[in-house]
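Here are my notes on this model, point by point. Please read them with the structure open.

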Amino acid sequence: MEIGWMRNRRQRQVLIFFVLLSMSGVGADLGPYSVVEETERGFFVANLGKDLGLGLAEMSSRGARIISQGRKEHLQLKVQTGDLLINEKLDREELCGSTETCVLHFQVLMENPLEIFQAELRVKDINDHSPVFTEREMILKIPENSPLGMAFPLNNAVDLDVGSNNVQNYEISPNPHFQVLTHNLSDGRKYPELVLDKELDREAEPEISLTLTALDGGSPPRYGTARVRIEVVDINDNAPEFEQPLYKVQIPENSNVGSLVVTVSASDLDSGVNGKIVYSLFRPSEDTSKTLAVNPTTGEIRLRRQVDFETVQSYEVDIKATDGGGLSGKCTLFLQVVDVNDNAPEVTISALTSPIPENSLETVVAVFSVSDPDSGDNGKTISSIQDNLPFLLKPSVKNFYTLVTKRALDREERAQYNITITVSDMGTPRLKTQHNITVQVSDVNDNAPAFTQTAYTLFVRENNSPALHIGSVSASDRDAGANAQVAYSLLPPRDPSLPLASLVSINADNGQLFALRALDYEALQAFEFGVGATDRGSPALSSQALVRVQVLDANDNAPFVLYPLQNGSAPCTELVPRAAEPGYVVSKVVAVDGDSGQNAWLSYQLLKATEPGLFGVWAHNGEVRTARPLGERDAARHRLLVLVKDNGEPPLSASVTLHVLLVDGFSQPFLPLPEAAADAARADPLTVYLVVALASVSSLFLFSVLAFVAVRLCRRRRAGLAGGCSVPEARFPGHLVDVSGTGTLSQSYQYEVCLMGGTGTDEFKFLKPIIPNLPAPDTGRNVKESENFRNSFGFNIQ
């Protein structure tokens, strides 16, 4: 069993050698280096840095490393010193079996830039194995009449060492009949042959026992022994003879167990027991005895197990035919294993870079090697990847490929690539292997933030609370990580007079906008500003959007009465002739509202009157008119309370008091109302002075008007005009401003004053007011106070 184990081990070593030899290049760029087997781990082999002409820093920066064939890492590279060291104890017999020159192929890979050097390490043999015979005892049956010089082949000894350390010669224990000769086989093995030197005498010595010794060429030599037992038999003068001395057979490696390899045939001229032939394998190796079996009777040779071309390409074994008398003949069987495409290609990834930046162009992503242990077309391979990928396969040194990008990648288009490397051989049928790798694409800041809208319109009702959330802007960035984190900011306003920093603020993280203080529609109806969105990439990218804020009006302004003014001074009294017809315009309440829209729509209502039913107020324009004819019984003094109300929600209002004096004619002296007299009495001295000054100016104005009228009348009389009525026109200075569309007075009154003659007394009469059409002021603007408004009686309306 020990001999069989050693044979199997040696065959595995031969297999490993051929696999490594097929994967490596024919010539080596480095070496060859050599080392003695069984050298301890860490043994110094060579300095690769010196052999490559590279400094230590360059070897480290270029990522130098060792790529070994197979699964075991026999060597290691110490990058800090450039030394090539033994990584594990090497057993030449395990690595290379019976091959005399044991060579381990490896590659030195430089990753940056990519460069591969072929190298080989030769493992020298030491004499660490003794010869071993496959059979401890060999039995020979030799006829007693055998001629002198007749040779009898013996089983050879097996030594796992090679070269001079293998079996060199054989010795036999001293005896008078035999000597041993050493012969060489075609495969380099040596076998012993027993030669008869002296005739045998069965009656004198029927059995001879000898000791066969096998010696190797080591220093000191090792040896192994076996017992040779010789049985002297009676005469058998014909040995079996084969039909042909050499049988050459080919068999596919995928043949089933039990398949017939060949049938050998031998004949013997003897009869009886001496002519009965038995077939057997002669001196088979351990691997051969496990692979082939011979039928001792028929000579059929069949497979005991499947053969493998990648392990053993051929078998050579002797077939012995032995008759019943002990004579034997032999022939040679040369069995050649025919390769079948039964091995798919193998892919070994040596380097993989992931992730790679999205703007990478012609960047090495992966380095891999391809191997196929088959031969001929069965071992030729073709590598490919999917057609729709932005990658390209480039062949490098023998059996090595690089995977590179053929254009710049875009992470926003695709962040991950699943690449399938397909390797197919050229055999029949074709076998293929697929290896999947995943390549991640890392982000580069190449996309600026994009707002969801180029312009935003926000609506805010005035009188809002401070820090009110009025809306949001939103921008997104197609990049990832910090390149996609957006920060918002306010841009300087186009109008430098706009105090943007005190109006609004923005949350830099989420784009929410807040009003910093209460807004006033009457002061600021709308404003716009820009917002920016900047990512956190390097360099940072940004974009802009426009935000317009519309301030919505609230009903926060009560109506303001322009006429008659309620300023605490002497009230204005309206004079109405008793002869006035129903609908006579007594006065007009003029009011404005600082709001806009329906909040500025004003309506008028008579709340309280001294004599109900005598006067009325038009709801839309505030004109106070007589509701019926005036009589002698009607009181001379009247007080009217008028309410002005807007249309807001809730509505706001203001009230005004009108004083009306019924007179028979304009010559009737004016009597102040008791309330006015009482108010005048309570007024302070300053008010008295103001009233006196106002009365003086009014009197002067009245006398000027009377003089002007008198001059005009005199001129008409001179012109021969019949007694008519001279109607001077007086346009009052100043303007009363109101919101357009509210129905209130929006311009100054014009009155026609007629001085009647022929009765001996001059009387002033109010005629229907003439109201010119003037353009209304802009809604929402501050209402300017009207200039002093003077009527012909000296009353001021401010």
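1. Thr402 is buried, because its relative accessible area is 8%. Buried here means under 20% relative accessible area, exposed over 50%, and partly exposed in between (1.4 Å probe, protein chains only). Thr402 sits in strand S31, residues 400-405. Strands (E, at least two residues) and helices (H or I, at least four) are DSSP runs, numbered from the N terminus. Setting aside residues up to four places away in sequence, Thr402 touches Leu114, Ala366, Val367, Leu392, Leu393, Lys394 and Ser396. A contact is heavy atoms within 4.5 Å.

2. Some ground rules. The model is predicted: local features need pLDDT of at least 70, side-chain atom pairs count only at pLDDT 80 or more, and totals for chains, interfaces and linings use all residues. Residues are numbered from 1 along each chain as its sequence is written, and side-chain values use heavy atoms, with hydrogens and water left out.

3. Asn399 lies in the loop between strand S30 (391-395) and S31. Its phi is near 70°, a positive value in a residue other than glycine. Asn399 counts as partly exposed because its relative accessible area is 26%. Glu38 is another residue to check: its phi is near 65°, positive although the residue is not glycine. Glu38 belongs to the loop between S1 and S2. At 29% relative accessible area, Glu38 is partly exposed.

4. Now the chain as a whole. The protein chain has eight helices and 55 strands. Of its 798 residues, 44% count as buried. Take contacts between residues at least 6 apart in sequence: 68% of them join residues at least 24 apart. The chain exposes about 40,700 Å², and carbon and sulfur atoms supply 52% of that. Areas come from the Shrake-Rupley method with a 1.4 Å probe; for residues, only the protein chains shown count as cover.

5. Which residues touch the most other members of the largest nonpolar core? They are Tyr33, Phe106, Val108 and Leu121, in a core of 27 residues. The elements giving two or more residues to this core include strand S1 (30-36), helix H4 (92-96), strand S6 (102-111) and strand S7 (114-124). S6 supplies the largest share, five residues. A nonpolar core is a set of buried Ala, Val, Leu, Ile, Met, Phe, Trp, Tyr and Cys residues joined through side-chain atoms within 4.5 Å. Beyond its neighbours within four places in sequence, Val108 is in contact with Leu30, Leu48, Leu52, Arg65, Ile66, Glu115, Ile116 and Phe117.

6. How many disulfides does a search of the whole structure find? One. Cys96 and Cys102 form it, with sulfur atoms 1.9 Å apart. The cut-off for a disulfide is a pair of cysteine sulfur atoms within 2.5 Å. The link of Cys96 and Cys102 is right-handed, with 65° about the S-S bond. Both cysteines are buried. Cys331 also counts as buried, because its relative accessibility is 1%.

7. An open sheet of four strands runs in the order S27-S33-S32-S29, with mixed pairing. Strands S27 (356-357) and S29 (381-384) are at the edges; each has a single partner strand, so one side of each lacks a neighbour in the sheet. Two strands pair if DSSP finds at least two bridges between them. S29 pairs with strand S32 (residues 416-425) in the antiparallel sense over four bridges. Ile382 stands opposite Ser424 in S32.

8. Another open sheet has three strands in the order S19-S23-S22, paired antiparallel. Its edge strands are S19 (260-263) and S22 (292-294). Three bridges join S22 to strand S23, residues 300-303. Val294 has Ile301 in S23 as its bridge partner.

9. Strand S35 (residues 455-461) has alternating side chains. S35 pairs with strand S42 (residues 542-552) in the parallel sense, over seven bridges. Ala455 has Leu546 in S42 as its bridge partner.

10. Last, the cis peptide bonds. One joins Ser354 and Pro355, with omega about 5°. Pro355 is in the loop between strand S26 (346-352) and S27. Another joins Ser538 and Pro539, with omega about 0°. Pro539 is in the loop between strand S41 (526-535) and S42.
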